[in-house]
Every structure is written in structure tokens, then in C-alpha cells.
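This report goes through one protein structure part by part. Look at the sequence and the model first, then read the sections below with both at hand.

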Amino acid sequence: MTLPHFKLLRTHTLPEALGFLHQQAANIRILAGGTDLLPSMGQKLFEPEQVLDIRHLPELKGIRETEQGTEIGALTTLRQIEQSDFLAQHYPVLVEAAKTVASPLLRNMGTIGGNICLDTRCLWYNQSLAWRKSCGFCIKKDGDLCHVAPGGTKCWAAFSADTPAALLCLGAEIEIVAASGTRKIPLADFYTGEGDNHRRLQPNELVTRVFLPRSLAGYRGAYRKLRIRGSIDYPLAGVAVALKKSNGHVEDLRIGITAVNPAPMLIKGVDSVLNGGLNEETAEAIAELAARTSKPLTTSALTPEYRREMIRVFTKRAVLALSNS
């Protein structure tokens, strides 16, 4: 696959990058790690006139402890997160999720900001231009046809990144910057739930930092992932679990799911099911709650029924493993 013609813009300061985005917002894409953008451009899913290379912005790199918690620059690589002893000790669910992303080579390139902003995926959309033309463009690509839910007007392309499910369990917030100013929002509010327009991010805006609250440091963490090829693939179902124990009892339990909805989601109602105690029966009830929250459709190579069942299985296994550790 050849890339379309585009102009590469390189920047070494954040104000300069924001200036480019302000001037060229109509048809520009951001290059951070490039592990998702460049293959998509090769498939002609995106054909921007300009690509902004932000890889050399030092202020967007690194992991720093603050009075409020921990700050992670958006250009921090997934490999750096995976190998961080500090994160492994204080926010292990994020490290466990980062370990599963793609392959070591891609984790060396891919960034936490890029993983948060990852494009949604669909079996009918992530194909070559010739293939898409032969089948008819879907809603996600300037069309009016949904092959997944015929007759519907909503795009059900699945959000398929690993780390956001873990970040939701940790109550993460993100910083979004534009030439006009800065805003800070909960990560949960960043996603719209619409497959074809899944982020609340304007073309002239840039995700710059991730914030993890100190109050959730020390939670035990686990991440379970379903994929066809164990060494490289996107998740087809993913479950992140963060658990806090006190005096042998489960004090707090948070569960995030990914790859089975157009957005990563934090499971609601876990506390009412948990009710202060965790055993085989309550673990099964929590797993059923997670399965009911997932809404997979025919957006991947595996059936929706199997992916939903694996959400249930992974949730129960991870919850019991953490509670017994």
C-alpha cells in the first residue's frame, strides 16, 4: 500500500504545533507514533493534505509525580509505561494493559496519547479502497450504509485500544490544548459513543497530558485481552480491573471494558452487586453485569456472542484473581 501525497510539517515547540493546527485544521492529521495513522493512510482511510509531526516535543514526554497524583505526557511511549517501576507499583492496571498492546516494536513507537485517540475499527471499514468501493462506502467513510446494522443511522465501529479501559478504572483526566486555550476533562467524557465521530476533540486541538489521581494509587490491577494473534492484534474484547482491599475485604472495585462498544466503558452498578463482599457468586454476578454492558456487533472476525461471553469470562477470572492475591 502506498501513502497518498501529503506535506509533512515538523515542529519542535508546542506553541508552533498549535499554530499549525489553528491554521490548517481543515485538512491535517497528527503524527505521534504513526502506528495507526500511517497504515490507515495506506488504506486511503485518511488522505490529509498535511501531516503534523509532533514527535520531538519534549514537554509532552515523561512520567512525573505531582501533589495531586501522577502526570503522563501524551508522547510517552507505551514501552516506557510498560517498563515504569513507579507505575507498576502505584497503577499496575495501566502497566498490564500497556504490555498487551501490539508488539514490542510498535510499543516502542506508539504513545499513550495515540492509544487514547485511536480510531475506531470495523471489519467493513478497515479494508483497501478497492474493497470498500466494491461493497459500498459505510457511514464511517462518507456513506449512508451500515453493513453491521442495516437500516440504522449509527456507526457501530468498535473502539479498539487497550489502555483507555485501564485509565477509566483509575479515574484518569486528560488535558486538551488549542491555540485559544486549555481544558481538562475526565477521560470518560472524551468519548462520544459514536463510531464515526468517537472523540470530543476539535481538529485544532491536541491531547497533551494524562492525569492519574493520587487517591487511586495502590489499587491492584489486571487486564485480560481477546485477540486472534497473541503477539500483535488489536483487542476484540478487553477487560481492565482495579481493586482495593482493606483488612482482607474488598473496599473498591472498578471494571473497564474495551473493543465491544464504540467507546471504552466503565461498568456501572458494581458496588451494588459487590455489597462489601466478594466470592464466587458475586464475581459471577459482576461478570454478568459486564457482559450485559458490552454491545459487540459484527465489526470483527469473531462473533458478537463469543466476544460478549469472553467479557464475562475475563471479568470473573480477573476479579477472583485479584481478590485472592
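## Helix α5

The model described here is predicted. In helix α5, the buried residues are Pro92, Val93, Leu94, Val95, Ala97 and Ala98. The helix runs over residues 92-99, and with six of its eight residues buried it is mostly covered.

## The four-stranded sheet

Four strands make up an open sheet in the order β9-β10-β11-β12, and their pairing is antiparallel. The edges of the sheet are β9 (220-226) and β12 (265-266); each has a single partner strand, so one side of each has no neighbour in the sheet.

The partner of β9 can be described in more detail. Strand β10 covers residues 237-246, runs antiparallel to β9, and is joined to β9 by seven bridges.

## Strands β6, β7 and β8

Strand β6 consists of residues 173-178, and five of its six residues are buried, so that the strand is mostly covered. Which strands pair with β6? One partner is β7 (residues 181-186), which runs antiparallel to β6 and is joined to it by six bridges. The other is β8 (residues 206-213), also in the antiparallel sense, over five bridges.

Between β6 and β7 there are two residues, and the two strands form a hairpin. Ala178 is opposite Gly181 of β7. Ile176 has Arg183 in β7 as its bridge partner. On the β8 side, Glu173 has Phe211 as its bridge partner.

## The cavity

How many cavities of 30 Å³ or more does a search of the whole structure find? The search finds one. The volume of the largest cavity is about 70 Å³.

The lining of the largest cavity is made of 13 residues, and those nearest its centre are Cys122, Cys138, Cys146, Val148 and Cys155. Sorted by class, this lining has 11 nonpolar residues, one polar residue and one charged residue.

Two elements, α9 (163-169) and β12, each supply at least two residues of the lining. By class, the lining of this pocket has 13 nonpolar, four polar and two charged residues.

Leu168 belongs to helix α9. Is Leu168 buried or exposed? Its relative accessible area is 7%; the cut-off for buried is under 20%, so Leu168 counts as buried. Apart from neighbours within four places in sequence, Leu168 is in contact with Leu187, Ala188, Pro264, Met265 and Leu266. Among these contacts, Met265 is 97 residues from Leu168 in sequence, yet their C-alpha atoms are 7.4 Å apart in space.

## Ala158

Where is Ala158 placed? Ala158 is in the loop between α8 (129-135) and α9. The relative accessible area of Ala158 is 4%, so this residue is buried too.

Leaving out residues up to four places away in sequence, Ala158 touches Thr120, Arg121, Ala259, Asn261, Pro262, Thr299 and Arg307. Ala158 and Lys295 are 137 residues apart along the chain, and the distance between their C-alpha atoms is 9.5 Å.

Notes: Residues are numbered from 1 along each chain as its sequence is written. This is a predicted model: local features need pLDDT of at least 70, side-chain atom pairs count only at pLDDT 80 or more; totals for chains, interfaces and linings use all residues. Side-chain values use heavy atoms; hydrogens and water are left out. Buried means under 20% relative accessible area, exposed over 50%, partly exposed in between (1.4 Å probe, protein chains only). Two strands pair if DSSP finds at least two bridges between them. On a 1 Å grid over the protein atoms alone, a cavity is a set of points where a 1.4 Å probe fits but cannot get out, and a pocket is an open set with protein on both sides within 12 Å along at least five of seven lines; lining residues have an atom within 4 Å of a point. Grid points are joined across faces, edges and corners, and a volume is the space filled by probe spheres set on the points. Ala, Val, Leu, Ile, Met, Phe, Trp, Tyr, Cys and Pro count as nonpolar, Asp, Glu, Lys and Arg as charged, and the others, Gly among them, as polar. Contact means heavy atoms within 4.5 Å.
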